Amino acid sequence: MHLIAHRGWAAGGDENSLAAFARAARDEAVTGVEFDVSRAADSGAVVVAHDPPLNTENALTLDAALSFLSRTDLELFVELKEQGLASSVIEKLVSNKLADRSVVFAFATVARSFPWEGARPVRLGVIVMCPWNVDRIVRLYAPDVLLLGWDARSWTRIAFRAWWSLFSLERLARRHQVPVVVGVAQRMKDLDWLAPQHLYGAVADINLIRGDRFRAEQR
C-alpha cells in the first residue's frame with residue numbers, strides 16, 4: 001500500500017509548500033504527495049492552496065511546485081478545488097513531464113467538468129464520499145483512480161470502517177478494476193486497518209501518524 005502525504009506532509013503551517021514536499025521526498029516510506037490546487041483571488045493565477053488565497057504574492061504557484069516535484073520520484077495526487085482548472089493543470093503536468101506519475105482528482109461536483117471523453121494524458125479520479133454512490137460514479141465516468149474516505153469528524157471514520165468491514169475494499173477494486181485510494185488517515189490504527197486490504201494507497205497526515213507511532217513505541 002503506497003503512503004501518500006496529505007497536503008505535502010501534514011495539515012499545519014507547512015502544508016501545500018515546497019518545505020512539505022521536500023520532507024516527503026526525503027522520507028523513504030512516502031511514495032507520493034497529495035496537494036490542493038486553486039486560483040488566487042487577485043490574479044487568477046493557479047496556486048497550490050486548499051483555500052483560494054486573496055493575494056498571489058505569497059502563494060506557491062503551481063509552476064514552482066511542479067518544477068520542484070519534477071526533481072523527485074514522488075507520485076502526485078493533485079486535488080482541484082474548483083471548476084475550470086483541469087485543462088491548465090493537465091497541460092502543466094504534461095509540459096513538466098509529470099503526466100505519467102500524476103493523478104488529477106476532485107469531489108464529484110468539480111470532477112464532472114474533467115475531460116472524461118477521449119484520450120487522458122493523466123489519470124483522472126473522483127472522491128466518492130457515500131459508498132452507495134460508487135457504482136453510479138464508476139459507470140458515469142470510468143475513473144482511472146477511485147478515492148474514498150472520511151472527513152475530520154470522528155463519526156465519519158467510524159462509519160467508513162463499519163461499512164467497509166461488511167463490504168470488502170479489495171473486492172470493490174477487483175470488481176471495478178480500478179486502483180482504490182483511501183484517506184485521510186490521521187492515526188496509525190487507521191493505516192494498520194487499511195494495510196491488509198490490498199489498496200493502491202492511503203493518504204495520511206504524516207506528522208500525526210509519526211507521532212502516533214512514537215507514542216506507541218513509548219508504551
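## Salt bridges and a helix pair: worked exercises

R161 forms a salt bridge with D190, with 3.7 Å between the closest N and O atoms; a salt bridge here is a side-chain nitrogen of Lys or Arg within 4 Å of a carboxyl oxygen of Asp or Glu. This is a predicted model, where local features need pLDDT of at least 70 and side-chain atom pairs count only at pLDDT 80 or more, while totals for chains, interfaces and linings use all residues. Residues are numbered from 1 along each chain as its sequence is written, and side-chain values use heavy atoms, leaving out hydrogens and water.

**Exercise 1.** Let's work out which parts the pair R161 and D190 ties together.

*Solution.* 
- Check accessibility: D190 is buried, at 1% relative accessible area, and R161 is partly exposed, at 24%. Buried means under 20%, exposed over 50%, partly exposed in between (1.4 Å probe, protein chains only).
- Widen the view: salt bridges that share partners join R157, R161, R187 and D190 into one network.

**Exercise 2.** Now find which elements R123 and E75 lie in.

*Solution.* 
- Start with the distance: the closest N and O atoms of the R123–E75 salt bridge are 2.9 Å apart.
- Then locate them: R123 belongs to strand β6 (residues 123-127) and E75 to strand β4 (residues 75-80), so parts 48 residues apart in sequence are tied together.
- Finish with accessibility: E75 is buried at 10%, whereas R123 is partly exposed at 24%.

Key. Helix = DSSP H or I, 4+ residues; strand = E, 2+ residues; numbered from the N terminus.
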